[in-house]
Amino acid sequence: MVGIIDYKTGNLRSVENALYRAGVEYAVTAEPAILHSCSHILLPGVGDAGWAMGRICENGIADIIATFTQPVMGICLGMQIMCSYSEESDTRCLGIFPGKIRRIPEKSTEGEKIKVPHIGWNSVRYNDNELFDGIRQDEYFYFVHSYCAEIDEYTAGVTVYGTEFGSVLRRGNFIGCQFHPEKSGTAGERLLKNFLKMK
Amino acid sequence: MYAKRIIPCLDIRDGKTVKGINFKGITSVGDPVEMARRYSEQMADELVFLDISATLEGRKTFASLVERISREINIPFTVGGGVSSVEDADILLQAGADKVSINSAAVKNPQLICELKEKFGSQFIVVAIDAKKVNGEYVVTTHGGNRFTDIKLYEWAVEAEKLGAGEILFTSMDCDGTKKGYDCQAYTKLAQLVNIPIIASGGAGSIDDIVEVLSHDPGADAALAASIFHYGSVAIPELKKALKNKNIPVRI
């Protein structure tokens, strides 16, 4: 069974629907015992990083997430709060990934005007062949965000939007995707399937 | 590479897809979920569903349709039509919509954009603007183009961004239904004035029209069309190829 971490951030429906389409059983819960027994864990998230970290702490799961040994995937804000810090609301995050989350610069490296939030389809150059098995380089995924991860040794995928940022992070069993695999067509479905195959 | 988006738009009445020309003479064209699935398989980048039901019953049908779409479809979709409060938007987002578009209600009460932003965030809010030229200048209309306001298009777009809109969907009522192409200049001007994505709507008659509107920089980030996709005069795979051939970045 797949566990979707429920920390009351509202809409988890699209992630649930993706698992429904994949034909897998899932539970939406914040109960540590249930989460520990799940084969895979998804950490979705929508909204503000400070607010989300507040909910995580209130629900008493801040210290538990880092102890998971099964594959864990943070999606969008879920990925961001797995990092050490977010500029959004000056938030200390979970620190599973040591990198920091910064606001997307409104000027590109060439000085062009960049629209923030980054909404739409953009390509991912990956170096993780397990997660991206069967997916071509520079495949498109769907993004909606205003903050992004720095590039560091845990970067497993890179996307360019004005500047380069880490669109996929990986540290052992912990994975973070800045894009929404559940909204990224057949490529996103394949990526979720690859994740669900991980042991 | 950030891709330009192709967005089929489905007008829904009482749970069925319809297409009006100049918003009049409505005819039904098919089951929305089936159409949505077909478009998503053809690599449409996003979908828009607008509820044009006039009755309460029709509105309830729409909310359950949104749930079905969200279960079946794996690309993002925006819903709108008659959204006039935070509660209306909440119902649709809870049903699984990725974004909500607001139109007349935002013109009547601009603070609604603020309230939606506070509750859900800018990325969930598409401000749709229908405007028609009066003495050469675009004037905002409401209620499906039937009522003129005294608000100018460009001023309203800037205001909407300030209040918290995440995207602007501008339909030129002069071009809509004509199949003679989009008003490209208007999208370039909008892109110069605001720093959020702009969706072009109204006037698509051919592949060339869409290539044209997406080839301007600054200009539209996405092109929306309805009848040319529904009736098959433009197939999305061919359209994407044509865009790629012109070096316009697309998801293919």
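Tutor: Two residues are in contact if their C-beta atoms, placed from the backbone, lie within 7 Å. This is a predicted model, where local features need pLDDT of at least 70, side-chain atom pairs count only at pLDDT 80 or more, and totals for chains, interfaces and linings use all residues. Residues are numbered from 1 along each chain as its sequence is written, and chains are lettered from A in the order in which they are written.

Student: How many residues of chain B are in contact with chain A?

Tutor: Count each side on its own. Chain A brings 24 residues. Chain B brings 25 residues.

Student: Which element gives the most to the side of chain A that touches chain B?

Tutor: Helices (H or I, at least four residues) and strands (E, at least two) are DSSP runs, numbered from the N terminus. Elements giving two or more residues include strand E8 (118-126) and helix H1 (13-22) of chain A. With six residues, the top contributor is H1(A).

Student: How many bridges pair E8(A) with E9(A)?

Tutor: Strands pair if DSSP finds at least two bridges between them. One bridge links Val124(A) to Glu139(A) in E9(A). The sense is antiparallel, and the bridges number seven.
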